[in-house]
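Me: Please show me the structure. I have a few questions about it.

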Amino acid sequence: MAQSIAFDRAADYYDDTRGFPPGEETRVADAICRAGSLTSDSRVLEIGIGTGRIALPLAGRVQAVYGVDLSLPMMQRLRAKQDSEPVYVAQGDATRLPLAAAQFDAVVSVHVFHLIPDWQSALHEVGRVLKSGGNLIHCWSVPDNVHQVLWEAWRSALPNQEGHEVGMRFEHSPTALHEMGWKAQGDPITHAYHTTTTPRQFAERLQNRIWSQTWRLTDAQLAQAVGAVWEAIREHYDTPDDVLHASTAYFAQAYQPPAS
Ligand SMILES: C[S@@+](CC[C@H](N)C(=O)[O-])C[C@H]1O[C@@H](n2cnc3c(N)ncnc32)[C@H](O)[C@@H]1O
């Protein structure tokens, strides 16, 4: 089976390219708390904690956040940003959590299951470490509303790529857990936010292999697909530096494990 995708190579630029606009990170933390009914007594685990983009703002709202990640460089970034937030990390694989059973009031997963080929085992591990009555708070976002035409150009230039995800497909995120027997607790909490960007920035991020979906492409595949994106930019925009006001939405849905 393929291996999970660790983010060592992204550690230096992850926060610059995936960070929320100022202020949004606290609203995202609030959305996660609401979705999972978290309180200042909650002990929370984040699988794939990365640089702490989610965990650090969340930590001020709960008792503590524990995190597991394959990537030491990503967690070193977290450490460098950490002040006095109660965040504790360990290197480990979400499919074999180095943790005792029934310890956490909640587990948080944000943009991680698509990187894990055996995401079903990771889900099983989440169920094992949750206390009785605890929730998995599964979070996902939808692509912004301004880059569709460029993503279409990208995908049409890579017809044999079945998708870059080695694990759960992005479009499967809203339904995958339900299909595995996990029980949604209420409706997803939705948080919309806005960013600005330009077509040039989009093309350059692909060219520079910022996103994990570019990491397994050959140089020739990348050049062909980035060329197609530039053609679409010339066709659809006045200039590559048009400022685009993008909106995107972020979802947090709590689930309880299937009865065992
Ligand atoms: C896209 S980043 C998301 C980080 C953080 N959750 C956030 O939203 O900013 C995914 C993280 O999951 C980690 N990861 C991938 N596969 C993993 C696995 N099997 N076990 C633990 N961590 C994993 C990667 O190293 C990376 O740091």
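**Pocket, helices and rings**

Me: How many residues lining the second largest pocket are charged?

Reply: In this predicted model, the lining divides into three nonpolar (Ala, Val, Leu, Ile, Met, Phe, Trp, Tyr, Cys, Pro), two polar and four charged (Asp, Glu, Lys, Arg; others, Gly included, are polar). Lining residues, which have an atom within 4 Å of a pocket point (1 Å grid, 1.4 Å probe, open, protein on both sides within 12 Å along at least five of seven lines), include Asp-15, Glu-25, Arg-53 and Lys-81. The charged count is four.

Me: How do α8 and α9 run relative to each other?

Reply: Helix α8 (residues 199–207) and helix α9 (residues 219–236), DSSP runs of H or I with at least four residues, have axes fitted to C-alpha atoms that lie 10 Å apart at about 175°. Angles over 145 degrees count as such, so the helices are roughly antiparallel.

Me: Which α6 residue forms an aromatic pair with Phe-202?

Reply: There are 11 aromatic pairs (ring centres within 6.5 Å). One is edge-to-face (planes over 60 degrees apart), at 4.9 Å centre to centre and 85° between the planes. Phe-202 lies in α8, and its partner, 51 residues apart in helix α6 (residues 148–156), is Trp-151.

Key: Residues are numbered from 1 along each chain as its sequence is written. This is a predicted model: local features need pLDDT of at least 70, side-chain atom pairs count only at pLDDT 80 or more; totals for chains, interfaces and linings use all residues. Side-chain values use heavy atoms; hydrogens and water are left out. Axes are lines fitted to C-alpha atoms, for helices over the stretch in contact, and angles run from 0 to 180 degrees between N-to-C directions. Helices (H or I, at least four residues) and strands (E, at least two) are DSSP runs, numbered from the N terminus. Angles under 35 degrees count as roughly parallel, over 145 as roughly antiparallel, 65 to 115 as roughly perpendicular and the rest as oblique. Rings of Phe, Tyr and Trp (its six-membered ring) pair if their centres lie within 6.5 Å; planes under 30 degrees apart count as stacked, over 60 as edge-to-face and the rest as tilted.
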